[in-house]
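Hi,

Here is the model I said I would pass on.

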Amino acid sequence: MAIPMATQVQFWLFGLLAVVSALLFVTRKSPVAAALWLVNTMFCLSGLYVMLDAPFVGAVQVLVYAGAIMVVFLFVVMLLNLSADDLKVDLRSPGVRAGAVIVGILMAAEIFIATRVALPPVPALRPNGGNAVTEVASSLFRDHLVAFEITSVLLLVAIIGAVTLAKREGSA
Amino acid sequence: MITESLFLSAVLFAIGVGGVLIRRNALMLFMCVELMLNAVNLSFVALSRVHGVDGQVFVIFVMTVAAAEAAVGLAIIIAAFRHFKSADLADIRLLGG
């Protein structure tokens, strides 16, 4: 299946931006700067989702990840108010870093092998003429309804857990 | 575009793993885990083009779990910070390791 040149350029633009932002995110000293680079990575991923024909997931990515989760992270970063000397020694010892390099090489080898494996051809998009949200919704509320309902229990437990943990000891 | 997406996903996941191994700040570790979850989401979305829309549903579930995990994890970090006056994992030794 031939993909238009412009689409490919766009795809690699988003991909490259995502990887560069992720690298900057991992190497920033200040947690605030790191969190903002991570938000950038998530925006790029959202663009990739739209290009991969999943616009609903792309929108949810921006709303939930960039909009909600990362804002909570930034709140906590600013709440903890880490001082400058806390951040100076953020990087781990040379031994651990050498281990990280080895893991990186292993994963690079894995990627290399993965690119050799041929994938099955892509079927035509939406032969029955539905739209993206309808498809996701019918799968979510028909095939995965039980899992969806259990998710609400998970969220309730998470809320109660977070409130209990973050409460000051001794207060009611 | 699917092979490329899987490639990108693997690269992003590797960066996340590298971050978890390199950084010592508990908050940064958490954000690296989020990056890894995002990388996995990318491969889910890419493969949903081959195997039907279920992949996108899984992404929505992953996002829900990530949100719950972030809420509880950040509460733990706040509680630990209050106790140890530090977000550095080297200073947090609850199990006496």
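**Confidence, contacts and core**

The score is pLDDT, the predictor's confidence in each residue, from 0 to 100. Helices here are DSSP runs (H or I, at least four residues), numbered from the N terminus. Chain A as a whole averages a pLDDT of 81, and 82% of the residues score at least 70. Where pLDDT is low, the predicted coordinates should not be read in detail.

Some housekeeping: this is a predicted model, in which local features need pLDDT of at least 70, side-chain atom pairs count only at pLDDT 80 or more, and totals for chains, interfaces and linings use all residues. Residues are numbered from 1 along each chain as its sequence is written, while chains are lettered from A and ligands numbered from 1 in the order in which they are written.

Now the interface. 60 residues of chain B are in contact (C-beta atoms, placed from the backbone, within 7 Å) with 68 residues of chain A. On the chain B side, α1 (2-22), α2 (26-51) and α3 (54-84) each give two or more residues, and α3(B) gives the most, with 22 residues.

The two α2 helices meet as well: the axes of α2(A) and α2(B) come within 11 Å and cross at roughly 5°. Axes are lines fitted to C-alpha atoms, for helices over the stretch in contact, with angles from 0 to 180 degrees between N-to-C directions. α2(A) and α2(B) are therefore roughly parallel (angles under 35 degrees). Among the residues that α2(B) brings to this contact are Leu27(B), Met31(B) and Leu35(B).

Those three turn up again in the largest nonpolar core. A nonpolar core is a set of buried Ala, Val, Leu, Ile, Met, Phe, Trp, Tyr and Cys residues joined through C-beta atoms within 7 Å; buried means 20 or more other C-beta atoms within 10 Å. This one has 61 residues, and Leu38(A), Leu27(B), Met31(B) and Leu35(B) are among those touching the most other members. The largest share of this core, twelve residues, comes from α2(B). Leaving aside neighbours within four places in sequence, Met31(B) contacts Ala34(A), Ala35(A), Leu38(A) and Phe73(A).

Val11(B) is buried, because 20 other C-beta atoms lie within 10 Å. Beyond its neighbours within four places in sequence, Val11(B) is in contact with Val19(A) and Ile111(A).

Cheers

Technical notes. Two residues are in contact if their C-beta atoms, placed from the backbone, lie within 7 Å. A residue is buried if 20 or more other C-beta atoms lie within 10 Å of its own, exposed if 12 or fewer, and partly exposed in between; C-beta atoms are placed from the backbone. Angles under 35 degrees count as roughly parallel, over 145 as roughly antiparallel, 65 to 115 as roughly perpendicular and the rest as oblique.
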